[in-house]
Amino acid sequence: MKRAVLVFGILLLAAPARGAPLVVDLSNHLVAITTGFAGAEVLLFGAVDQPGDVVVVVRGPARPITMYRKSRIAGIWVNTAAMTFEKHSSDTGNPPSFYAIASSRPLDEVAPHRVLSRNGMILEELDELELPSAKASKNVEAEWRAALIRNQERIGLYQTEVKRIGFLGERLFRTRLTLPANVPTGIYLVKTVLFVDGAEVSAQTTPLFVSKIGVEAEIFDFAHQQSAWYGVIAILVALVAGWLAHVAFRKA
Amino acid sequence: MQIYLPIAEISVDALLLLGLGGAIGFLSGVFGVGGGFLMTPILIFIGIPPPVAVGTEANQIVASSVSGVLAHWRRGNVDIKMGSILLLGGLLGSSIGVWLFAILRQLGQIDLVIKLCYVTFLGIIGGLMFVESLRAMRRRRGAAPSRGKLHKHTWIHGLPLKMRFRRSKLYISALLPVGVGFVVGVLSALMGVGGGFIMVPAMIYLLGMPTAVVVGTSLFQIIFVTANVTFLQAYANQTVDVVLAILLLTGAVIGAQMGARAGTKLRGEQLRILLAAMVLIVCGKLLFDLTLTPEDVYSLGQNE
């Protein structure tokens with residue numbers, strides 16, 4: 001964080017950065033999930049060469065998401081329908097596992113809806129959250145999609161509330177990206193767009209890596225790559241622990 | 001103190017896990033049950049994904065059963081012959097259970113099946129034990145302790161493959177313990193339990209084993225069945241979180257030792273009526289939740 005403040009200070013001094021209409025960086029390009037991980041904050045900061053509006057969209061690694069719908073059978077709620085959101089055409093991918101957005105002004109004042117939508121700034125209209133008509137009719141699709149957003153929002157992985165981007169003067173801006181403790185691992189893409197008078201002037205995409213580091217990563221990899229040995233070791237640990245407890249208490 | 005669990009992929013308070021392990025370990029020591037039937041729902045409740053809760057709980061039960069069985073072993077309360085026959089069914093049943101688990105998970109029905117299993121078995125066992133314990137207490141207060149007929153002859157005694165179990169003072173068909181072991185094994189894999197809460201009553205009421213050897217023998221075979229479940233869940237589904245297991249079992253093994261001591265000071269009927277009440281409460285809560293209109297009829301599935 002100290003380094004970030006320093007970089008921010010340097011940017012401040014070099015504020016009228018001519019040539020590049022938009023410069024953006026993160027305080028941290030790697031969010032390390034270690035033993036004490038309880039979520040993280042990443043500072044995004046940058047400069048623009050002309051007054052305008054800045055919008056930041058963060059997207060987590062894309063992967064299929066399955067959803068279920070319950071209905072009542074004999075008094076008990078049972079999953080009776082399933083739907084998977086996934087890559088459905090050659091020009092769209094899987095839905096993002098994480099989504100957050102920040103803007104220097106309310107979105108509807110920044111640019112026309114159509115422009116925002118094209119830039120992936122309207123979550124409800126992301127192509128990746130579409131279901132092909134073979135899977136669901138138009139109104140059924142809308143329900144599933146709203147449900148997906150609602151459920152992802154509940155666990156903090158879709159942050160639909162537009163966060164504020166603060167400007168220092170007319171050139172420098174910054175905002176905080178918050179990642180909850182349950183963030184999926186992988187490469188996140190942080191896209192920053194500069195709008196002037198409702199038109200997109202410049203854009204920059206910065207990667208952010210979220211990965212398990214240290215013991216956690218090793219345990220996870222071992223469990224997935226050497227599953228049989230992992231199982232044997234888990235049993236041995238339990239046997240030894242049980243025996244140790246017995247010995248300890250017999251002497252006491 | 002937050003700790004990140006590598007397989008469950010969430011952060012949980014380490015002290016909370018230690019405390020949970022201790023409290024449930026204590027109960028497991030008192031009653032001679034693994035405690036899984038309480039721990040697994042609680043783990044799911046605090047946000048551990050159900051498959052990870054089930055797989056990890058099996059691992060933890062291995063530890064608490066080892067520490068429990070050693071204490072019973074020294075008092076000579078383990079019928080190894082009976083335990084081995086039960087185990088035969090248990091290994092088969094738990095292997096099939098893990099396979100069923102994977103299929104149900106794919107169908108998105110695993111949560112429901114887990115809960116329905118709990119409601120059904122906790123309801124039956126809890127109800128039977130409650131009634132039986134009440135009767136026993138009344139008998140104790142009454143006149144002569146008429147123990148009833150020791151050997152009621154039913155169709156069960158007509159089954160083939162009869163075997164003599166000296167420590168249990170029984171001469172019954174081996175098919176009976178194999179069957180009991182099998183059913184409990186399936187449930188063990190599906191529900192993330194050792195199955196003691198079904199095994200113990202089944203041994204007392206169905207097999208007719210003397211109460212003294214029931215707990216030790218049940219724990220003896222639970223070790224192997226849960227070890228089998230741990231291995232298969234780790235191998236096939238990667239749902240065993242050793243960090244979570246170590247935290248839980250640290251609390252649990254200590255709790256279990258204290259519980260075993262407290263258990264010897266309590267009378268059998270009191271113990272059973274207490275356990276029955278607890279079983280019925282968990283059952284009622286689960287059933288209530290199943291019928292409650294969910295906050296959102298849509299929910300996220302598990303995606304790899």
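Start with chain B. Its secondary structure comes to ten helices and five strands. Helices here are DSSP runs of H or I with at least four residues, strands are E runs of at least two, and both are numbered from the N terminus. The radius of gyration of chain B is 19 Å, close to the 19 Å that the globule rule gives for 304 residues, so chain B is as compact as a globular protein of that length. That radius is taken over C-alpha atoms, and the rule is 2.2 Å times the number of residues to the power 0.38.

A word on the basis. This is a predicted model, where local features need pLDDT of at least 70, side-chain atom pairs count only at pLDDT 80 or more, and totals for chains, interfaces and linings use all residues. Residues are numbered from 1 along each chain as its sequence is written, while chains are lettered from A and ligands numbered from 1 in the order in which they are written.

Back to chain B. Its C-alpha trace spans about 60 × 40 × 40 Å along the principal axes. Of its 304 residues, 53% count as buried. Buried is 20 or more other C-beta atoms within 10 Å of the residue's own, exposed is 12 or fewer, and partly exposed is in between, with C-beta atoms placed from the backbone. Among contacts in chain B with a separation of 6 or more, 82% join residues 24 or more positions apart. Contact means C-beta atoms, placed from the backbone, within 7 Å.

Now the interface. 46 residues of chain B are in contact with 47 residues of chain A. Which element of chain B gives the most to that side? Helix 3, with ten residues. By class, the side of chain B that touches chain A has 28 nonpolar, 16 polar and two charged residues. Ala, Val, Leu, Ile, Met, Phe, Trp, Tyr, Cys and Pro count as nonpolar, Asp, Glu, Lys and Arg as charged, and the others, Gly among them, as polar.

Helix 3 of chain B also packs on helix 8 of chain B, at about 150°, axes 8 Å apart. That makes the two roughly antiparallel. The cut-offs: under 35 degrees is roughly parallel, over 145 roughly antiparallel, 65 to 115 roughly perpendicular, the rest oblique. Axes are lines fitted to C-alpha atoms, for helices over the stretch in contact, and angles run from 0 to 180 degrees between N-to-C directions. The contact of helix 3 with helix 8 has 15 nonpolar, ten polar and no charged residues.

Next pair: helix 6 (residues 175-191) and helix 7 (residues 196-207) of chain B. They pack at about 160°, axes 11 Å apart. Helix 6 and helix 7 are therefore roughly antiparallel too. Leu176(B), Pro177(B), Val180(B), Val184(B) and Leu187(B) in helix 6 meet Ile198(B), Met199(B), Ala202(B), Leu206(B) and Leu207(B) in helix 7. That contact has ten nonpolar, no polar and no charged residues.

Leu91(B) lies in helix 4 of chain B. Leu91(B) is partly exposed, with 19 other C-beta atoms within 10 Å. Gly185(B) is 94 residues away in sequence, yet 6.5 Å away in space, C-alpha to C-alpha.

Over to chain A. Leu131(A) sits in the loop between helix 3 (113-118) and helix 4 (138-154). Leu131(A) is buried, with 20 other C-beta atoms within 10 Å.

How values were computed. Contact = placed C-beta atoms within 7 Å.
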